[in-house]
Amino acid sequence: ATSNVTGSPIERFVAGAQLLGNYAIGPLSGVAFNLTLLSYLGRLDMGLNTDSAAVSEPALLSGFISDAVDELVVFAD
């Protein structure tokens, strides 16, 4: 499963401190993994949540996703 959550395009503050980043995480809801995307200030943060019974090598999955993102970045400009 994937989720894409639009975050704030402007700075946000909590108790006077600026929010510097996001920690995106999504529910598994019966799937092997969930990749959640959350934007903030022109950045895109990703959170990967895996079911250990279904994904025996989460680092390998993460590496594949990272490689795919690197390939896509070539087309961004």
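Strand E4 (residues 33-40) and strand E5 are joined by 8 bridges, and the two run antiparallel. The model is predicted. Across this pairing, Leu38 stands opposite Asp45 in E5.

**The sheet**

E4 and E5 belong to an open sheet of 3 strands. The order is E1-E4-E5, and the pairing is mixed. Which strands stand at the edges? They are E1 (2-5) and E5 (43-50). Each has a single partner strand, so one side of each is left without a neighbour in the sheet. Neighbouring strands are turned by 15° against each other on average, with direction ignored. In general, strands of a sheet pair through backbone hydrogen bonds, and they do so either parallel or antiparallel.

**The helix**

Where does helix H1 lie? Helix H1 covers residues 58-73 and lies across E4 and E5. Its direction is about 155° to E5.

Ala15 has a positive phi although it is not a glycine. Ser29 has a positive phi too, and it is not a glycine either. The table sets out both.

| Residue | Phi | Loop | Relative accessible area |
|---|---|---|---|
| Ala15 | about 50° | between E2 (13-14) and E3 (17-18) | 87% |
| Ser29 | about 45° | between E3 and E4 | 66% |

Are these residues buried or exposed? A residue counts as exposed over 50% relative accessible area. Ala15 has 87%, so Ala15 is exposed. Ser29 has 66%, so Ser29 is exposed as well.

Notes: Residues are numbered from 1 along each chain as its sequence is written. This is a predicted model: local features need pLDDT of at least 70, side-chain atom pairs count only at pLDDT 80 or more; totals for chains, interfaces and linings use all residues. Side-chain values use heavy atoms; hydrogens and water are left out. Two strands pair if DSSP finds at least two bridges between them. Helices (H or I, at least four residues) and strands (E, at least two) are DSSP runs, numbered from the N terminus. Axes are lines fitted to C-alpha atoms, for helices over the stretch in contact, and angles run from 0 to 180 degrees between N-to-C directions. Contact means heavy atoms within 4.5 Å. Buried means under 20% relative accessible area, exposed over 50%, partly exposed in between (1.4 Å probe, protein chains only).
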